[in-house]
Every structure is written in C-alpha cells, then in structure tokens.
Amino acid sequence: MRKTIFIIIAVLVVTHMVAQDGLVPTSSETGVATDLIPKYPAFVYTVAPSFDAGYVLACTREPIEFVLIKAEENTWYHPDAKLKTYRMPVADSVAQIINSLIASAVNTASYMYEFLGDDGDYFIFKTVSHSAYCWSPKTGLCKELVSVMNACCRCVENKSEDNLVLLMPQCRALLREFHKDYPMHLFSVQKHTSWKYGKGVSQYTVTAESFNIQIAWRGTDRNNLEELREEYLNKHEQEFVDYVRKNFVNELADFPYFDLWSYPRIVIFPDEKNNVDFTNPNIIPWNTFCDMD
C-alpha cells in the first residue's frame with residue numbers, strides 16, 4: 001500500500017513539473033549578444049539551446065519595434081559566432097498585448113514549476129524588473145507561450161506584420177490563462193478615507209478598493225459616508241471582488257504595463273440607493289477622479 005501511494009505521488013509530481021504551466025523565477029541574463037539588445041527594452045525573450053544557435057527578441061520603446069538577434073552558432077561554444085539582426089516596426093496595440101502576456105507569465109512564476117533535464121533549451125522571459133524561465137516545455141501553458149513567441153520571432157525575421165497581427169487572439173487567450181493564476185489576496189478589499197478643506201468645508205472621500213477599481217462615496221459627513229461603505233460591503237463585498245477579478249481576467253488584455261500597478265485605474269460611484277450596477281457601472285478614469293473638486 002505504501003509503495004503504491006509513493007508511486008502515485010511520484011507520478012503526480014513528475015506530471016506536474018513536465019506540464020510546466022508556469023515559469024520559474026530567475027536572475028539569469030543568459031542570452032545571445034545581450035550587449036546588442038537596445039537599452040531599456042519593454043521585454044526580452046531569449047532562447048538559449050544546449051547545442052544549437054540561440055536568438056533574442058526584444059521590444060524597443062521609441063520607436064516601437066521588435067528587434068530579433070540570431071546567432072549562426074551556439075555562443076557558448078563559439079563566443080565569436082556571427083550574428084544577424086532583424087528589425088520590424090509593430091503597432092502599439094500589438095506590442096502592448098505581447099508585453100502584457102510576458103509580464104503576466106513572469107509575475108505568476110513559481111519555483112514549484114522548476115524542472116531540469118540533462119540537455120535542452122532554456123526560454124527566458126524578462127520584463128523591466130523581473131525574469132523567469134522554462135526548460136524545454138513539452139505541454140502546458142509554457143509550451144503554448146514558447147510556441148507563440150517563436151512564431152513572433154519568425155514574423156520579425158520575415159518582416160510579416162500581417163502574420164504577427166494574426167497571433168493576437170492566441171496571445172489574448174494565453175494572457176487570460178496566466179491572469180487566472182494571480183493570487184486571490186490581490187483582490188482583497190482595502191478601505192481608505194481622505195479629506196480636503198476648501199471654502200470653509202471639509203470634503204471627504206471614502207473608498208472601498210480592490211486591485212485597480214474603487215467604489216467611492218463623497219460628501220461632507222464622514223461618519224455617514226463610512227456607514228454607507230460598511231452597509232455596501234456587508235451586502236455586496238463578494239460581488240465586488242468577483243467583478244474586479246472577472247474584469248482583470250477578461251478585459252485587461254490590451255493595456256500596457258511595466259509593473260503590477262500600472263493598470264488603468266477606475267472609480268465607480270454607487271447610486272442613490274447605495275447600489276452599484278456592475279452590468280452598467282458609472283465609471284470614470286482614475287486621474288479624472290483625482291482631479292475632481
């Protein structure tokens with residue numbers, strides 16, 4: 001019986017690791033001619049094989065273009081291998097989606113996915129501040145991620161903007177899958193109260209915030225506003241959290257970000273009955289809300 005349980009556990013562990021549904025954090029800068037990569041790229045995708053020639057795809061910011069650097073030989077064994085560079089301007093919306101996809105994959109990286117064999121290919125994904133990798137993925141999200149990034153590299157090499165655009169539905173679908181792995185505590189509700197004094201009256205703003213969305217009550221009676229917030233949360237806190245998470249998974253595929261807090265932030269005001277209709281919310285941009293009197 002004990003032997004059977006051990007075998008089952010071993011199979012589950014190996015299956016989990018081989019599936020590679022997530023990247024592994026790393027500080028490695030392994031790559032092909034990293035000194036040739038443009039400064040301050042939005043992202044860098046590196047393919048470092050054990051024996052074959054490697055390549056790097058980077059996204060520049062100004063102008064927005066993809067830069068592909070390919071070596072003719074493995075640079076580990078041939079440090080002076082010849083390199084070839086390809087450049088292709090890309091639409092801002094395309095760069096945003098791929099950048100968001102890579103950042104989401106890196107943000108959800110975990111050492112639980114670590115699995116290495118004797119020989120194989122390293123695939124390294126780097127954002128502005130973090131890096132993560134996978135090793136020769138056979139199945140799972142990492143396999144799909146590597147496949148779509150390699151397809152992007154082929155588009156740059158062939159200067160095919162049309163084929164790159166055709167990859168966007170697959171990139172959005174992958175982005176949603178990685179978004180689902182963000183921890184639930186990210187969406188926990190935070191409470192804040194602020195005020196400013198003007199024209200002889202104190203104006204209060206009382207908020208309930210989950211990730212990038214706030215529900216806000218404004219007025220001159222702080223106690224009443226905070227009571228309205230508590231009344232709302234007692235009835236609808238889970239509904240609010242579910243709405244924010246659904247919005248995060250399904251609606252934020254086309255926004256660029258370079259860290260977790262650069263998502264578009266929005267504010268919703270309850271109606272006169274202290275309810276929020278999430279099917280048709282009264283939403284205003286965060287910066288507009290901050291500038292309001």
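Two rings of Phe, Tyr or Trp (its six-membered ring) count as a pair if their centres lie within 6.5 Å; planes under 30 degrees apart make the pair stacked, over 60 edge-to-face, and the rest are tilted. With that in mind, this structure holds ten aromatic pairs. The model is predicted, so local features need pLDDT of at least 70 and side-chain atom pairs count only at pLDDT 80 or more, while totals for chains, interfaces and linings use all residues. Residues are numbered from 1 along each chain as its sequence is written, and side-chain values use heavy atoms, with hydrogens and water left out.

Let us begin with tyrosine 182 and phenylalanine 248. Their ring centres are 4.8 Å apart and their planes stand at 70 degrees, so this pair is edge-to-face. Tyrosine 182 lies in the loop between helix 5 (168–179) and strand 8 (190–198), and phenylalanine 248 in helix 6 (residues 222–251), so the pair ties together parts 66 residues apart in sequence. Helices (H or I, at least four residues) and strands (E, at least two) are DSSP runs, numbered from the N terminus. Tyrosine 182 is buried, with a relative accessible area of 5%, and phenylalanine 248 is buried too, at 0%; buried means under 20%, exposed over 50% and partly exposed in between (1.4 Å probe, protein chains only).

Next come phenylalanine 240 and phenylalanine 278: with centres 6.3 Å apart and planes at 10 degrees, this pair is stacked. Phenylalanine 240 belongs to helix 6, and phenylalanine 278 to the loop between strand 11 (266–268) and strand 12 (283–285), 38 residues apart. Both residues are buried.
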